[in-house]
Amino acid sequence: MAGGPTEDDSLIATWRDAIEEPAIVDLIDQLHAEAHRHIDAQAPVCVASGRCCRFEQFGHRLFVTGLETALTLSRIERTVTTEDVNGARTDGNCPFQLERLCSIHESRPLACRLFFCDAGADAWMPHLSQDLHNRLRSLHDLWSIPYRYGEWRDMLAMFAADPR
Ligand code: SF4
């Protein structure tokens, strides 16, 4: 017997509906723009090594909100399947990493924009990340959007299990 909608299905539907609201998308885009203003001012070194997206090798995890995941997936051409996510887990990277580069650069979530492996970024990146993330969280409260924050591939897997 087929099961009914799960809690995850309901969350995903709510986030997909939320990103149909231009004001919500504008607020997220403003956070991205602010991140880039700070990054431009700090000018961290990036040699496009791709290490930041090879999570297991580099020993870090990328966390995103469900709302951001919905927005990112709405802005890209491709569909992400469960097999894509499992393959990335096996390879220790992100399903969007192509060679050393990000294949969805313009649509990547906030945490991807903020993370730099340049040790000099430790002086400002954590504070900036926390501030922008707090505001991202406030946006959920303001618009009564359910909040969930999880590891990037876990979030992608959640959406892959509920394709449109
Ligand atoms: S979305 Fe792009 S920047 Fe973010 S982890 Fe994946 S490949 Fe890296």
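## Basis of the model

The model is predicted: local features need pLDDT of at least 70, side-chain atom pairs count only at pLDDT 80 or more, and totals for chains, interfaces and linings use all residues. Residues are numbered from 1 along each chain as its sequence is written.

## Overall fold

The protein has eight helices and four strands. Both are DSSP runs, numbered from the N terminus: helices are H or I of at least four residues, strands are E of at least two. Along the sequence the pattern reads α-α-α-β-α-α-β-β-α-α-β-α. The radius of gyration is 16 Å, close to the 15 Å that the globule rule gives for 164 residues, so the protein is as compact as a globular protein of that length. That radius is taken over C-alpha atoms, and the globule rule is 2.2 Å times the number of residues to the power 0.38.

The C-alpha atoms fill a box of roughly 55 × 40 × 25 Å along the principal axes. Of the 164 residues, 26% count as buried. A residue is buried if 20 or more other C-beta atoms lie within 10 Å of its own, exposed if 12 or fewer, and partly exposed in between, with C-beta atoms placed from the backbone. Take the contacts between residues at least 6 apart in sequence: 82% join residues at least 24 apart. Two residues are in contact if their C-beta atoms, placed from the backbone, lie within 7 Å.

## Helix H4

Helix H4 spans residues 66-74 and is mostly covered, with eight of its nine residues buried. The buried ones are Gly-66, Leu-67, Glu-68, Thr-69, Ala-70, Leu-71, Thr-72 and Leu-73.

## H4 against H8

The axes of H4 and H8 come within 10 Å and cross at roughly 65°. Axes are lines fitted to C-alpha atoms, for helices over the stretch in contact, and angles run from 0 to 180 degrees between N-to-C directions. The crossing is right-handed. That term applies if the near helix is turned clockwise from the far one by less than a right angle, and left-handed if anticlockwise. Gly-66, Thr-69 and Leu-73 of H4 meet Met-155, Leu-156 and Phe-159 of H8. The residues of this contact divide into four nonpolar, two polar and no charged. Here Ala, Val, Leu, Ile, Met, Phe, Trp, Tyr, Cys and Pro count as nonpolar, Asp, Glu, Lys and Arg as charged, and the others, Gly among them, as polar. An α-helix has 3.6 residues a turn, so residues three or four places apart point the same way.

H8 has its own buried set: Trp-152, Arg-153, Met-155, Leu-156, Ala-157 and Phe-159. These residues pack against H1, E1, H4, H5 and E4.

## Ligand shell

The residues around the ligand are Cys-53, Leu-62, Cys-94, Phe-96, Gln-97, Cys-102, Ile-104, Arg-108 and Cys-112. The shell divides into seven nonpolar, one polar and one charged.

Leu-139 lies in helix H7. It counts as buried because it has 20 C-beta neighbours inside 10 Å. Leu-139 touches Ile-24 and Leu-27, not counting residues up to four places away in sequence. Its C-alpha atom is separated by 26 Å from that of Ala-121, 18 residues apart along the chain.

Arg-89 sits in helix H5 (residues 82-91). With 16 C-beta neighbours inside 10 Å, Arg-89 is partly exposed. Arg-89 and Arg-153 are 64 residues apart in sequence, yet 7.6 Å apart in space, C-alpha to C-alpha. Leu-98 belongs to strand E2 (residues 97-98). It has 13 C-beta neighbours inside 10 Å, so it counts as partly exposed. The C-alpha atoms of Leu-98 and Gly-50 are 48 residues apart along the chain and separated by 9.1 Å.

## Positive phi in loops

Most residues other than glycine have a negative phi. Ala-48 has a positive value, near 55°. It is found in the loop between H2 and helix H3 (55-58). Ala-48 is exposed, with 10 other C-beta atoms within 10 Å.

Ser-144 also has a positive phi, near 55°. Its place is the loop between H7 and strand E4 (149-151). Ser-144 counts as exposed, with 8 C-beta neighbours inside 10 Å.

How values were computed. A residue is near a molecule or strand if its C-beta atom, placed from the backbone, lies within 6 Å of it.
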